[in-house]
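Colleague: Before we discuss the helix packing, may I see the model together with its sequence?

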2 protein chains.
Amino acid sequence: MVMLVDVPRMSAWIRDTGADKAIADIAARLERDYARWNQFDKVERIAAHSPIGVIELMPIADADRYAFKYVNGHPSNPARGLQTVTAFGAYADVHTGYPILIAEMTLLTALRTAATSAMVARHLARPDSEVMALLGNGSQSEFQALGMRAVMGINRLRIWDTDPGAMDKVQRNLEPLGFEVVRATSAEDACRGADIITTATADKTLATIVHNDWVKPGMHLNAIGGDCPGKTELDTDILRRASVFVEYEPQSRIEGEIQHLPADFPVTEMWRVITGEAPGRTSAEQVTVFDSVGFALEDLTALAHLTDAVGGTPYAGELDLVAEPEDPRDLFSLIGMGGVAATAASSAADSTTESTEGSAAVQRVGAATGR
Amino acid sequence: MVMLVDVPRMSAWIRDTGADKAIADIAARLERDYARWNQFDKVERIAAHSPIGVIELMPIADADRYAFKYVNGHPSNPARGLQTVTAFGAYADVHTGYPILIAEMTLLTALRTAATSAMVARHLARPDSEVMALLGNGSQSEFQALGMRAVMGINRLRIWDTDPGAMDKVQRNLEPLGFEVVRATSAEDACRGADIITTATADKTLATIVHNDWVKPGMHLNAIGGDCPGKTELDTDILRRASVFVEYEPQSRIEGEIQHLPADFPVTEMWRVITGEAPGRTSAEQVTVFDSVGFALEDLTALAHLTDAVGGTPYAGELDLVAEPEDPRDLFSLIGMGGVAATAASSAADSTTESTEGSAAVQRVGAATGR
C-alpha cells in the first residue's frame, strides 16, 4: 500500500498544523537540503508546452529517496473556474523503486514556494525588513505572506492586483490573521517604502510588473511569477544593477527572468550562499533579486517533511497502487485467468483471494457510485 | 475528482474483459496512434539510475492529451519478494492541465508491452509463424504469449528460464488457456524451430541471451528485455545481419540493443513501417529484430483506451487530487485559517463546507485505520 495524502487530508493537516508552522518547518528542512546540494541527481524540469499552458514533470533523487511532481500552468484557467496551477506528486524509495507516498501538491506547492521565498529572504533581504509589497494577489499570495512573517517577522503588506476582487480576497484572508494590509493604488504605489517586493503574477507573457526606477537601494526582490520561457515579470535593468540569485542555474537560464540576458550573465546558485561558498547580501544598499522558478529539490523536501509528519496518523490514507502478487514472478496471477486449473496445480491459493478482493472492490465502488 | 484505477480495479477490469481482448484492443489503437506519430511531442524518458536499479518518467503529449508513467526497474527485487518493474501514471487534459485518470500501470504496462510486441510482429514476423520461443519467464511472459496469440494466432511456445520455478509458473498459467508449452533444455534448444524469439530477461547486464548461430533465416526477434544503458540481450552479430526496427530512435540509441553499435547504424522507426513510408519484412528469408525499449506513446495509448473503457463503470474509482476552491484565486480558503472572519466578510460559505469535508475525511480515515 502507498501512503495517500489527498486534498481533504492535506487541507486538514495544514489547518491543524497551522500554515505558518508548516511553512517554517519546510523552510528549515529546505535549508538543510540545499546545504547538501551535491548529493542530488538534478535535471531541468521536462515541459510540454501548448498554446495556452504548460504541463511539467520535476524529478530529483539522492541516494535514498526519489521525488517527482506533476504541475501545470494555465493562466486562463481561473476565468473557467479552475486553478492556474495544480499539482500532485510522489515520493519513492530509490532502493526498491517503490512509491512511498502519493500526494496532492497544489497546496503543498504553495507551502514549499513560500518556504523557499522565506528561506532565501533570510539570506538576502535586509534583516531589518518590515514591509513587503505583494504584486499579484492570486493563490500564492497568502502563503507568501505567512512565510515571510514566520521567517522574517514581516507583518506589513502593501498589496496590488489588476483585479480588485483578488485584493479583497487577500485583505479578507490576512487581516484576521493580524497582518497590516495596505491596498495600493498601483504597482508603483505598492513598491513605495517596501523592503521586499514579491511578484507573483500569472500571465504567460513578457510582462514588466516592476520598473527599475521603483526599486530603491537595499530592496530585495522575490520574483516567483516568472517561471517559464516567455513568462517574466521584471524590467531587465533591475537584473543588471542587482545581484541575482537562482535555484538551479541550467533551469533558470531557460525559465527565469535571466532568460532575456546573455548566457554568461553572472548569477549565484543559492546553495553556494547557504553553504558559505558565496556571499549573499554584502551591504545595506545592495539590491538583491531571487529569480525563482521553483526547483524539484523544494518538492522533495516538502514531500519528505510531509511523509515524516503524517506517517501513521489519520492524515495519511492508503492507495493500492503497486501490484503485489504472492510470487513476484507471477504478475499474471493477479488477473486470475488460470482459474481452477491454476489453483489446483499449485499452492497459489492467494490468486483466488486476489480475485475475490478485486471483485469485492468493484462491487464496493459500484455501490458508492450507484452503478 | 480524478478517475482512479488502482490494482484491484485494474485486475478486475482485465479479468472481466479478458487479457487477450484487452491486449488486442490496445494493439489496434496503438497502430492508429503510431500512424499519427508526427502529432506527438516526444522526448526520451528521464532516468534516475542507482547502483541497483532505475526510476524513470515517461511523458508524451499531443494537442489534446498528455500522459506520463512512473516506472522502476530493479532486477534484484524478486529476491526480496518485490516486483522487478512497478508502474503508475496519469492521463491529463492539455487544455486545462488537469489530470483525468490516475492508474496503476504494472499490469497495464504488461498489457501495452504485449500489445506493442504483437502489433509489431504483425508487420515484421512471417505471416505463417507458428512457434514462439520465450526466453525469460518472468512477469511479462504470459502477457507476451497472449498478445502473440491474439494478433498472430501463435499457439505453440518453447519456453526457457534459468529458474525452473519460473518455467513451472508459465506452464501452469498458460497450458490451461490452451497453449502448447514445450519446456526447452537450454536457451539454444528453445530457439530450435521457432519463428519468433521473444527475449524478456531482467538482469541489468550486457548479456548474450541469443547467439547469432541460433538465429535462422526468416526469424523475427522480439527483444523486449534490453531497455536500459548497460542492459542488453542479443549478440551484436545478429543486429548486423538483421533489419533492425525501433520505437523512438533517440531513446533506443541510449537504451536499446543498438547502444553497442555506431550512432549511424541503420534502424527504422516502426511508425514509418506502419504508415507505409518504409518497408517492414521484404522476404521470407530476412531476419527482423524489434529492438524494443518501451516508449511513452504506448503508455498514452493504453491510458486512453483504459479511460474510454472504464469511464462511468464500476472499474473507475475517484481520487480527490485536485484542489478546487470555490473561488479559483482563493486556494487559501481550503485551509480555512480565515475562519469566522472570512465567512462573515464574504459569501465564501463554501470554505466552511470544505473545512467540514476535510475533517470528516480524516475522521473516516481514522476509523478505517483504527486511529
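Modeller: Angles between helix axes are taken between N-to-C directions and run from 0 to 180 degrees. The model is a predicted one.

Colleague: What makes helix 3 of chain A roughly perpendicular to helix 10 of chain A?

Modeller: Helix 3 and helix 10 of chain A pack at an angle of about 115°, and their axes lie 10 Å apart. Angles of 65 to 115 degrees count as roughly perpendicular, so the pair is described in that way. The crossing of helix 3 past helix 10 in chain A is right-handed.

Colleague: Which residues form the contact between helix 3 and helix 10 of chain A, and how do they divide by class?

Modeller: Helix 3 of chain A supplies Leu108(A), Thr109(A), Arg112(A) and Thr116(A), while helix 10 of chain A supplies Glu298(A), Asp299(A), Ala302(A), Leu303(A) and Leu306(A). These comprise 4 nonpolar, 2 polar and 3 charged residues.

Colleague: What is the make-up of the contact of helix 1 with helix 3 in chain B?

Modeller: There, Met10(B), Ser11(B), Trp13(B) and Ile14(B) of helix 1 meet Leu107(B), Leu108(B) and Leu111(B) of helix 3. The contact has 6 nonpolar residues, 1 polar residue and no charged ones. The two helices of chain B pack at about 35°, with axes 9 Å apart.

How values were computed:
Residues numbered from 1 in each chain as written. Chains lettered and ligands numbered in written order. Predicted model: local features only at pLDDT ≥ 70, side-chain atom pairs only at ≥ 80, totals over all residues. Heavy atoms only, no water. Helix = DSSP H or I, 4+ residues; strand = E, 2+ residues; numbered from the N terminus. Parallel < 35°, antiparallel > 145°, perpendicular 65-115°, else oblique. Left-handed = near helix turned anticlockwise from the far one by under 90°. Contact = heavy atoms within 4.5 Å. Nonpolar A, V, L, I, M, F, W, Y, C, P; charged D, E, K, R; others polar.
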